[in-house]
Amino acid sequence: MTPVLLLAAEKESAQVTDWAARIGWVVGLALFVALIYWLMREGWKWRGTLQGDLPELPTTPDETGPAVLTTSGRYHGSTTAGQWLDRIVAHGLGTRSRVELTLTDAGLDVVRPGASDFFVPAAQLREARLDKGIAGKVLTEGGLLVVTWEHGDKLIDSGFRSDHAAEHNEWVEAINSMIETNSREGAER
(Lines give C-alpha, C1' and ligand atoms only; values in the text may rest on other atoms or scores of the structure.)
Protein backbone atom coordinates (compact mmCIF):
# COMPACT_ATOMS: atom_id res chain seq x y z
CA MET A 1 0.00 0.00 0.00
CA THR A 2 1.20 3.44 -0.73
CA PRO A 3 1.86 5.90 2.10
CA VAL A 4 -1.00 8.14 0.99
CA LEU A 5 -3.49 5.28 1.24
CA LEU A 6 -2.14 4.26 4.67
CA LEU A 7 -2.53 7.81 5.91
CA ALA A 8 -6.09 7.98 4.59
CA ALA A 9 -6.99 4.62 6.11
CA GLU A 10 -5.76 5.66 9.59
CA LYS A 11 -7.79 8.89 9.73
CA GLU A 12 -11.10 8.67 11.47
CA SER A 13 -13.91 11.15 11.47
CA ALA A 14 -14.33 13.46 14.47
CA GLN A 15 -16.47 12.06 17.27
CA VAL A 16 -20.06 13.26 17.08
CA THR A 17 -21.34 15.12 20.16
CA ASP A 18 -24.01 13.17 22.02
CA TRP A 19 -26.51 16.03 22.43
CA ALA A 20 -29.13 13.88 24.13
CA ALA A 21 -26.73 13.03 26.97
CA ARG A 22 -25.62 16.65 27.37
CA ILE A 23 -29.19 17.95 27.45
CA GLY A 24 -30.08 15.23 29.96
CA TRP A 25 -27.24 16.30 32.27
CA VAL A 26 -28.21 19.99 32.02
CA VAL A 27 -31.88 19.25 32.75
CA GLY A 28 -30.89 16.97 35.65
CA LEU A 29 -28.64 19.64 37.14
CA ALA A 30 -31.36 22.31 36.77
CA LEU A 31 -33.86 20.03 38.54
CA PHE A 32 -31.36 19.37 41.34
CA VAL A 33 -30.76 23.11 41.86
CA ALA A 34 -34.54 23.74 41.84
CA LEU A 35 -35.02 21.01 44.46
CA ILE A 36 -32.35 22.51 46.73
CA TYR A 37 -33.89 25.98 46.38
CA TRP A 38 -37.37 24.61 47.17
CA LEU A 39 -36.06 22.78 50.26
CA MET A 40 -34.36 25.95 51.52
CA ARG A 41 -37.57 27.93 51.00
CA GLU A 42 -39.64 25.32 52.85
CA GLY A 43 -37.12 25.35 55.72
CA TRP A 44 -37.42 29.14 55.95
CA LYS A 45 -41.23 28.92 56.04
CA TRP A 46 -41.08 26.14 58.65
CA ARG A 47 -38.81 28.24 60.87
CA GLY A 48 -41.34 31.09 60.62
CA THR A 49 -44.11 28.67 61.64
CA LEU A 50 -42.11 27.51 64.66
CA GLN A 51 -41.65 31.14 65.72
CA GLY A 52 -45.37 31.87 65.34
CA ASP A 53 -45.68 32.61 69.07
CA LEU A 54 -43.77 35.86 68.60
CA PRO A 55 -46.23 38.77 68.89
CA GLU A 56 -46.71 41.31 66.10
CA LEU A 57 -43.97 43.92 65.95
CA PRO A 58 -44.76 47.34 67.41
CA THR A 59 -45.25 50.21 64.98
CA THR A 60 -43.89 53.71 65.34
CA PRO A 61 -46.10 55.89 67.55
CA ASP A 62 -47.44 59.19 66.23
CA GLU A 63 -45.24 61.26 68.56
CA THR A 64 -41.69 60.07 69.19
CA GLY A 65 -40.03 63.34 70.02
CA PRO A 66 -36.88 64.78 68.46
CA ALA A 67 -34.23 62.47 67.04
CA VAL A 68 -31.23 61.83 69.28
CA LEU A 69 -29.34 59.96 66.52
CA THR A 70 -30.06 58.94 62.94
CA THR A 71 -28.15 56.79 60.50
CA SER A 72 -28.60 54.72 57.39
CA GLY A 73 -27.04 51.39 56.62
CA ARG A 74 -27.95 47.69 56.45
CA TYR A 75 -30.17 45.55 58.63
CA HIS A 76 -28.59 42.09 58.77
CA GLY A 77 -31.25 40.21 60.72
CA SER A 78 -32.35 39.25 64.19
CA THR A 79 -31.53 36.26 66.35
CA THR A 80 -32.41 34.92 69.77
CA ALA A 81 -30.31 36.95 72.23
CA GLY A 82 -26.95 35.36 72.93
CA GLN A 83 -27.35 32.79 70.14
CA TRP A 84 -25.92 34.49 67.08
CA LEU A 85 -26.85 31.64 64.70
CA ASP A 86 -30.50 31.19 65.79
CA ARG A 87 -32.10 33.46 63.18
CA ILE A 88 -35.61 34.79 63.78
CA VAL A 89 -37.65 34.93 60.57
CA ALA A 90 -41.16 35.56 61.94
CA HIS A 91 -42.76 38.91 61.01
CA GLY A 92 -40.02 39.65 58.49
CA LEU A 93 -37.21 39.92 61.07
CA GLY A 94 -35.07 37.57 58.98
CA THR A 95 -35.21 39.74 55.85
CA ARG A 96 -32.01 41.64 55.15
CA SER A 97 -32.51 45.13 53.82
CA ARG A 98 -31.38 48.72 53.77
CA VAL A 99 -32.32 50.53 56.97
CA GLU A 100 -32.88 53.99 58.36
CA LEU A 101 -32.39 54.01 62.14
CA THR A 102 -33.68 56.81 64.34
CA LEU A 103 -33.15 56.87 68.09
CA THR A 104 -35.53 59.09 70.04
CA ASP A 105 -36.50 59.31 73.71
CA ALA A 106 -39.47 57.06 72.82
CA GLY A 107 -37.28 54.29 71.39
CA LEU A 108 -35.59 52.95 68.27
CA ASP A 109 -37.40 53.38 64.96
CA VAL A 110 -36.31 50.86 62.30
CA VAL A 111 -37.47 51.83 58.79
CA ARG A 112 -36.70 49.22 56.13
CA PRO A 113 -37.59 49.92 52.49
CA GLY A 114 -38.90 46.72 50.93
CA ALA A 115 -39.40 45.01 54.31
CA SER A 116 -41.62 45.55 57.33
CA ASP A 117 -40.70 48.45 59.61
CA PHE A 118 -40.77 48.10 63.38
CA PHE A 119 -40.29 50.17 66.50
CA VAL A 120 -38.53 49.18 69.72
CA PRO A 121 -39.93 51.18 72.66
CA ALA A 122 -37.26 52.58 74.99
CA ALA A 123 -38.60 50.44 77.83
CA GLN A 124 -37.91 47.28 75.78
CA LEU A 125 -34.27 48.13 74.99
CA ARG A 126 -31.86 45.98 77.02
CA GLU A 127 -28.35 46.52 75.62
CA ALA A 128 -26.31 47.79 72.69
CA ARG A 129 -22.87 46.47 71.84
CA LEU A 130 -20.39 46.07 69.03
CA ASP A 131 -19.96 42.53 67.76
CA LYS A 132 -18.44 40.70 64.84
CA GLY A 133 -21.35 38.66 63.56
CA ILE A 134 -24.98 37.67 63.46
CA ALA A 135 -26.61 34.77 61.56
CA GLY A 136 -25.18 34.76 58.07
CA LYS A 137 -23.02 37.89 58.42
CA VAL A 138 -19.54 37.94 59.90
CA LEU A 139 -17.44 41.10 59.92
CA THR A 140 -14.28 42.28 61.62
CA GLU A 141 -14.38 42.67 65.39
CA GLY A 142 -16.72 45.54 66.29
CA GLY A 143 -18.05 45.89 62.75
CA LEU A 144 -21.68 45.27 63.68
CA LEU A 145 -24.01 47.23 65.95
CA VAL A 146 -26.11 44.70 67.88
CA VAL A 147 -29.15 45.94 69.81
CA THR A 148 -30.73 43.58 72.35
CA TRP A 149 -34.41 44.20 73.02
CA GLU A 150 -37.35 42.41 74.59
CA HIS A 151 -40.39 41.44 72.58
CA GLY A 152 -43.10 39.45 74.30
CA ASP A 153 -41.21 37.02 76.53
CA LYS A 154 -38.24 36.75 74.18
CA LEU A 155 -34.94 38.64 74.09
CA ILE A 156 -33.88 39.48 70.55
CA ASP A 157 -30.54 40.63 69.10
CA SER A 158 -30.84 42.74 65.94
CA GLY A 159 -27.74 43.46 63.86
CA PHE A 160 -27.12 46.70 61.97
CA ARG A 161 -24.17 48.06 60.02
CA SER A 162 -24.09 51.78 59.48
CA ASP A 163 -22.85 53.24 56.21
CA HIS A 164 -20.33 55.03 58.45
CA ALA A 165 -18.97 52.41 60.88
CA ALA A 166 -17.32 55.12 62.98
CA GLU A 167 -20.84 56.00 64.25
CA HIS A 168 -21.29 52.63 65.96
CA ASN A 169 -19.60 53.66 69.23
CA GLU A 170 -21.83 56.74 69.49
CA TRP A 171 -24.92 54.54 69.04
CA VAL A 172 -23.77 52.07 71.70
CA GLU A 173 -23.16 54.87 74.19
CA ALA A 174 -26.49 56.61 73.44
CA ILE A 175 -28.61 53.45 73.67
CA ASN A 176 -26.91 52.18 76.84
CA SER A 177 -27.22 55.63 78.42
CA MET A 178 -30.93 55.65 77.57
CA ILE A 179 -31.35 52.19 79.12
CA GLU A 180 -29.59 53.27 82.34
CA THR A 181 -31.71 56.41 82.57
CA ASN A 182 -34.94 54.43 82.06
CA SER A 183 -33.95 51.81 84.64
CA ARG A 184 -33.10 54.52 87.23
CA GLU A 185 -36.43 56.26 86.61
CA GLY A 186 -38.23 52.93 86.88
CA ALA A 187 -36.50 52.16 90.20
CA GLU A 188 -37.44 55.58 91.63
CA ARG A 189 -41.16 55.02 90.94
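Predicted model: local features only at pLDDT ≥ 70, side-chain atom pairs only at ≥ 80, totals over all residues.

Modeller: Ser162 has a relative accessibility of 9% and therefore counts as buried, where buried means under 20% relative accessible area, exposed over 50% and partly exposed in between, with a 1.4 Å probe and protein chains only. Residues are numbered from 1 along each chain as its sequence is written, and side-chain values use heavy atoms, with hydrogens and water left out.

Ser162 belongs to strand S10, residues 154-162; helices (H or I, at least four residues) and strands (E, at least two) are DSSP runs numbered from the N terminus. A polar atom of the Ser162 side chain lies 3.1 Å from the backbone nitrogen of His164. This is a polar contact, a pair of N or O atoms within 3.5 Å; within protein, one must be able to donate a hydrogen and the other to accept it, and residues adjacent in sequence count only if both atoms are side-chain atoms. When neighbours within four places in sequence are set aside, Ser162 is in contact (heavy atoms within 4.5 Å) with Thr71, Ser72, Gly73, Glu167 and His168.

Strand S10 pairs with two strands that can be described in turn. Strand S1, residues 67-80, pairs with S10 in the antiparallel sense over seven bridges; two strands pair if DSSP finds at least two bridges between them. Within S10, Ser158 stands opposite Ser78. Strand S9, residues 144-151, also pairs with S10 in the antiparallel sense over seven bridges, and there Gly159 of S10 is the bridge partner of Val146. S9 and S10 form a hairpin with two residues between them, and Gly152 in the turn has a positive phi of about 65°.

The charged pairs come next. Side chains of opposite charge can pair when their charged atoms come close. A salt bridge is a side-chain nitrogen of Lys or Arg within 4 Å of a carboxyl oxygen of Asp or Glu, and by this rule the count comes to six salt bridges. One of them brings together the side chains of Arg129 and Asp157, 3.1 Å from N to O. This pair links distant parts of the chain, with Arg129 in strand S6 and Asp157 in strand S10, 28 residues apart. Asp157 counts as buried because its relative accessibility is 4%, whereas Arg129, at 21%, counts as partly exposed. Arg129 and Asp157 also belong to a network of salt bridges that links them with Glu127 and Asp131.

Glu150 is partly exposed, with a relative accessible area of 25%, and Arg126 is partly exposed at 36%.

Aromatic side chains form a further set of links. Rings of Phe, Tyr and Trp (its six-membered ring) pair if their centres lie within 6.5 Å; planes under 30 degrees apart count as stacked, over 60 as edge-to-face and the rest as tilted. By this rule the count comes to three aromatic pairs. Tyr75 and Phe118 form an edge-to-face pair, with 6.2 Å centre to centre and 70° between the planes. Because Tyr75 lies in strand S1 and Phe118 in strand S5 (residues 118-121), the pair ties together parts that are 43 residues apart in sequence. Tyr75 and Phe118 are both buried.

The rings of Phe118 and Trp149 have their centres 5.6 Å apart and their planes at 20°, so this pair is stacked. The pair links Phe118 in strand S5 with Trp149 in strand S9, distant parts of the chain 31 residues apart. Trp149 is buried, as is Phe118. Ring pairs link Tyr75, Phe118, Trp149 and Phe160 into a cluster.
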